[in-house]
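Student: Could we go through this one together, a question at a time?
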Amino acid sequence: MTYFMYQGKEYTSLETMPPEVQKAYAKWREEQNLPDDLLDYYEAQLRDIELENRGEKPLPPEKASAERRVDLLPSTCFNCGGPLSGDSVKWTGAQSADCPYCGVNLPMRTDGGSR
Ligand SMILES: [Zn+2]
């Protein structure tokens, strides 16, 4: 793993670095005074942050939870009668969840007809 930002350009391998960048990179690694595997770890983190800043990284899975239809979840399990909440059930999709007690797939309430 190689990741180095130099004068606004990013380099992900030694081969793509011009000689002066290679020198700066070697100097930077020396200055960190860290073992190689730790430096590699930091470089991976830097790269992840950079990708995230540019929106090139897939969104973290927590984002999907915002689309879970907690409002459609029944308040109790039809099968075992256990109390249900958006945090306790096992979501298998935005509109599909399993009972945390008996494991049955819970039917979501359907909208309409209630107005
Ligand atoms: Zn149940």
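**Walking through the fold**

Tutor: From the N terminus on, the elements run β-β-α-α-α-β-β-β, where helices (H or I, at least four residues) and strands (E, at least two) are DSSP runs numbered from the N terminus. This is a predicted model, in which local features need pLDDT of at least 70 and side-chain atom pairs count only at pLDDT 80 or more, while totals for chains, interfaces and linings use all residues. Residues are numbered from 1 along each chain as its sequence is written.

Student: Which element has the lowest mean pLDDT?

Tutor: pLDDT is the predictor's confidence in each residue, from 0 to 100. The protein averages 86, and 87% of the residues score at least 70. Among the elements, E5 has the highest mean, 96, and the lowest, 52, belongs to helix H3 (residues 62-65).

Student: In what order do the three strands of the open sheet run?

Tutor: Two strands pair if DSSP finds at least two bridges between them. E3 and E4 pair in the antiparallel sense over three bridges, and they form a hairpin with two residues between them. E4 (residues 96-98) and E5 are also antiparallel, over two bridges. That gives an open sheet in the order E3-E4-E5.

Student: Which strands stand at the edges?

Tutor: Each edge strand has a single partner strand, so one side of each is left without a neighbour in the sheet; these are E3 (90-93) and E5 (105-106).

Tutor: Let's zoom in on one residue of the sheet.

Student: What is the bridge partner of Ala-97 in E5?

Tutor: Ala-97 is in E4, with Trp-91 standing opposite. Contact means C-beta atoms, placed from the backbone, within 7 Å. Not counting residues up to four places away in sequence, Ala-97 touches Trp-91 and Leu-106, among others. The bridge partner in E5 is Leu-106.

Student: Which residues make up the largest nonpolar core?

Tutor: A residue is buried if 20 or more other C-beta atoms lie within 10 Å of its own, exposed if 12 or fewer, and partly exposed in between, with C-beta atoms placed from the backbone. A nonpolar core is a set of buried Ala, Val, Leu, Ile, Met, Phe, Trp, Tyr and Cys residues joined through C-beta atoms within 7 Å. Buried residues make up 5% of the 115 residues. The largest core has five members: Leu-84, Val-89, Ala-97, Cys-99 and Leu-106.

Student: How many residues of H1 are buried?

Tutor: H1 (residues 19-32) has 14 residues. This helix lies largely in the open, because its number of buried residues is zero.

Key. Contact = placed C-beta atoms within 7 Å. Expected span 1.5 Å × (residues − 1).
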